Amino acid sequence: MTALSHYLLLSALLFSVGLAGALARRNAIMVLIGIELMLNAANLNFIAFWRFHQNPASLDGPLMVLFSLAIAAAEAAVGLALIIHLHRRFKTTQLEQVRNLRG
């Protein structure tokens, strides 16, 4: 059986990669992918702590994951809508080239 520390280490690695991707990338799509990686790291933590909890029948972890997945789906929909709008208006998804966001 895998120890809790292994899950936490993997989660920390996923979160670090996602954070680096969200902060270092200039492309809006890559920033969204980085945010999704960070949300998945949080989901992994929810499931790991639920699994190693003394009362796994409580289903707190899977409920939090479902809530997080709903938030991630809404975030992806809004983010992709913004990226499509940026691409239609400025013909690019590079965040540094989009300086004027006034309507």
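Reply: Let's start with what covers helix α3: the cover over its buried residues includes α2 (28-51). Before going on, a word on the source: this is a predicted model, where local features need pLDDT of at least 70 and side-chain atom pairs count only at pLDDT 80 or more, while totals for chains, interfaces and linings use all residues. Residues are numbered from 1 along each chain as its sequence is written, and side-chain values use heavy atoms, with hydrogens and water left out.

Now the helix itself. α3 runs over residues 60-90, 31 residues in total, and its first and last C-alpha lie 44 Å apart. That is close to the expected 45 Å, a span worked out as 1.5 Å times one less than the number of residues. Helices here are DSSP runs (H or I, at least four residues), just as strands are runs of E of at least two, and they are numbered from the N terminus.

Which residues of α3 are buried? They are G61, V65, S68, A72, G79, I83 and L86. Buried means under 20% relative accessible area, exposed means over 50%, and partly exposed is in between, using a 1.4 Å probe and protein chains only. As background, an α-helix has 3.6 residues a turn, so residues three or four places apart point the same way.

The ring centres are 6.0 Å apart and the planes meet at 55°, so the pair is tilted. Rings of Phe, Tyr and Trp (its six-membered ring) pair if their centres lie within 6.5 Å; planes under 30 degrees apart are stacked, over 60 edge-to-face, and the rest tilted. Y7 is partly exposed at 31% relative accessible area, and F52 is partly exposed too, at 30%.

Stepping back, the protein chain has three helices and zero strands, in the order α-α-α. Its radius of gyration is 17 Å, well over the 13 Å that the globule rule gives for 103 residues, so the chain is more spread out than a compact globule. That radius is taken over C-alpha atoms, and the rule is 2.2 Å times the number of residues to the power 0.38. Along its principal axes, the C-alpha trace spans about 55 × 25 × 15 Å. Buried residues make up 21% of the 103.

Notes: Contact = heavy atoms within 4.5 Å.
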